[in-house]
Amino acid sequence: MKTIGLTGGIGSGKSTVAGFFQELGVPVYIADEAGKEIMETSETAKAEIIALLGEKSYQNNAPDRPYIATKVFNHHALLKKLNAIIHPKVREHFKTWAAEQKAPYVLYEAAILFENGGEKKCDFTILVTAPKEIRIERLLKRDRSDRQKIEARMNAQWSDEKKRKLADFTIENLDIETTKQSVRQLHHKLLRLITA
């Protein structure tokens, strides 16, 4: 069983790309969703997060995401510590999940794959890209957020240039049909590489 890492900056459309792989029968693990679930269900994670960020990080036994986000957003050291709590638990959960899949490869979708060295645990990596303006437009529609907040979130992530150097494959996600075709081609290429 091979693991293919899938990542991309906010608004690049990595979830859309993951969906196209899923349509081709590829099992997809969404690390960010697993991380959220671990924050909600793991007592160990809860205790460690409260120890790191204080009692206010949980309200009514559930993580207070806006509070946590404001605590770590501009505080790199805290964010790193929070990731150090969640990511190892996500990796363990992924291993269990992957062992149950029946496919030549699985997709591991993560927003920050390269930033925390996740690519080292993947056989190949795919980066989803789109021009900054298109990404901003998508996010303005999707999140009803304002431009300033979106740009701040983008600036907090690694640039596509930096990620491109580490990625094995890149899919530029501009229009749905071309992206779908790129996914199909890459899927067949991956199957050839894996079974070679």
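Visitor: Why is lysine 180 called partly exposed?

Guide: This is a predicted model. Lysine 180 has a relative accessible area of 25%. Buried means under 20%, and exposed means over 50%. The value for lysine 180 falls in between, so lysine 180 is partly exposed.

Visitor: What makes glutamate 23 exposed?

Guide: Its relative accessible area is 57%. The cut-off for exposed is over 50%, so glutamate 23 counts as exposed.

Visitor: How do you know that lysine 180 and glutamate 23 meet in a salt bridge?

Guide: The N to O distance is 3.7 Å. A salt bridge needs a side-chain nitrogen of Lys or Arg within 4 Å of a carboxyl oxygen of Asp or Glu. The pair of lysine 180 and glutamate 23 therefore qualifies.

Visitor: What does that pair tie together?

Guide: Lysine 180 sits in helix 9 (residues 176-195), and glutamate 23 sits in helix 1 (residues 14-23). The pair therefore ties together parts that are 157 residues apart in sequence.

Visitor: Why are Glu133, Arg147 and Glu151 called one network?

Guide: Take the bridges in turn. Arginine 147 bridges to glutamate 133, with the closest N and O atoms 2.6 Å apart. That pair links helix 6 (residues 132-143), which holds glutamate 133, to helix 7 (residues 147-156), which holds arginine 147. Arginine 147 also meets glutamate 151 in a salt bridge at 3.5 Å, N to O. Arginine 147 and glutamate 151 both lie in helix 7, about one turn of the helix apart. Salt bridges that share partners join Glu133, Arg147 and Glu151 into one network.

Visitor: How many salt bridges does the structure hold?

Guide: The structure holds 9 salt bridges. The chain has 32 positive and 26 negative side chains. The centres of the two sets lie 3 Å apart.

Visitor: What share of the residues is buried?

Guide: Buried residues make up 42% of the 196 residues in the chain.

Notes:
Residues are numbered from 1 along each chain as its sequence is written. This is a predicted model: local features need pLDDT of at least 70, side-chain atom pairs count only at pLDDT 80 or more; totals for chains, interfaces and linings use all residues. Side-chain values use heavy atoms; hydrogens and water are left out. Buried means under 20% relative accessible area, exposed over 50%, partly exposed in between (1.4 Å probe, protein chains only). Lys and Arg count as positive and Asp and Glu as negative; His and the chain ends are not counted. The place of a charge is taken as NZ of Lys, CZ of Arg, CG of Asp or CD of Glu. Helices (H or I, at least four residues) and strands (E, at least two) are DSSP runs, numbered from the N terminus.
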